[in-house]
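Morning, everyone. I have one structure to walk through today. Let me put it on the screen.

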Amino acid sequence: MPFPKTVTAPVLEGDLVRLEPLDHRHAADLAAAAAEDRASYRFTWVPTAAEVGDYIDAQLARAAAGALLPYAQVATASGRAVGATAYWDPRCWPDRDELYAIEVGFTWLAASAQGTGLNAEAKLLLFANAFETWRVARVDLKTDARNTLSRNAIAGTGARFEGVLRRWSRSWAPGEAGLLRDSAIYSIIDAEWPACRTSLEARLTRTRNR
């Protein structure tokens, strides 16, 4: 199901990160980000520096088809793109052109940006826009069930673990081309969002005060 034509990707800005609709102007910064230590990317689709142009083309093609709203994650301190993320898997009410659920995914950050609070603030911005502007009832997040780092980061946003979907989607792990992975699925629903927002804001305050 494509995004409704009325739904577009706004610029979302916080203190640590600005989420800008992904464009080829971000390519040089993303290539530098992707060239940093890649040890945390074992289960995640992250382009190499040489692949960034094709990666952006692929994300923009998905966007043109209405399947994805991709973002560059720009560190406000430097003004440089240090990763990417996206809204995708839009689900709309059958009788009206409005979203009721969305997934946040395709997320990666340069090694130097991990653990800085940038990811937490990006999630806060994405969730707030989804719940408070688009008025969705649910936000999903998924990751390879083996990806402990990603699962801990998702749980840290306040999202609730719902279970593992077996052989759910393609694997991005090295040597597993053409194979399927088990996906751990998490969600936040609208009734949980206020408490989740408070928790994320408190987490960001602790990060800034370290």
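Start with the surface. The protein exposes about 10300 Å², and carbon and sulfur atoms supply 53% of it. Those areas come from the Shrake-Rupley method with a 1.4 Å probe; for residues, only the protein chains shown count as cover.

Some ground rules. This is a predicted model, where local features need pLDDT of at least 70, side-chain atom pairs count only at pLDDT 80 or more, and totals for chains, interfaces and linings use all residues. Residues are numbered from 1 along each chain as its sequence is written, and side-chain values use heavy atoms, with hydrogens and water left out.

Now the layout. The protein has 5 helices and 8 strands. Helices (H or I, at least four residues) and strands (E, at least two) are DSSP runs, numbered from the N terminus. The order from the N terminus is β-β-α-α-β-β-β-α-β-α-β-β-α. The radius of gyration is 16 Å, close to the 17 Å from the globule rule for 210 residues, so the protein is as compact as a globular protein of that length. That radius is taken over C-alpha atoms, and the rule is 2.2 Å times the number of residues to the power 0.38. Along the principal axes, the C-alpha atoms fill a box of roughly 45 × 45 × 30 Å.

Contacts next, meaning heavy atoms within 4.5 Å. Of the contacts with a separation of 6 or more, 65% are between residues 24 or more positions apart.

One example is on strand β2 (residues 17-21), where R18 lies. Leaving out residues up to four places away in sequence, R18 touches V11, L12, E13, A72, Q73, V74 and T76.

What about the inside? Of the 210 residues, 46% count as buried. Buried is under 20% relative accessible area, exposed is over 50%, and partly exposed is in between (1.4 Å probe, protein chains only). The largest nonpolar core has 56 residues, and L19, Y87, L99, W108, F127, W134 and V139 touch the most other members. Helix α3 (residues 118-133) gives the largest share of this core, 10 residues. By core I mean a set of buried Ala, Val, Leu, Ile, Met, Phe, Trp, Tyr and Cys residues joined through side-chain atoms within 4.5 Å.

Helix α1 (residues 27-34) is mostly covered, with 6 of its 8 residues buried. Those are A27, D29, L30, A31, A33 and A34. Which elements do the buried residues of α1 pack against? They pack against α2 (52-64), β4 (80-92) and β5.

Backbone next. Most residues other than glycine have a negative phi. F106, in strand β5 (residues 99-109), has phi near 55°. At 22% relative accessibility, F106 counts as partly exposed. R167, in strand β7, has phi near 45°. R167 is exposed, at 58% relative accessible area.

Further along, G178 lies in the loop between β7 (160-170) and β8 (180-189). Its relative accessible area is 80%, so G178 is exposed. G178 and G115 are 63 residues apart in sequence and 32 Å apart in space, C-alpha to C-alpha.

That is the tour. Over to you.
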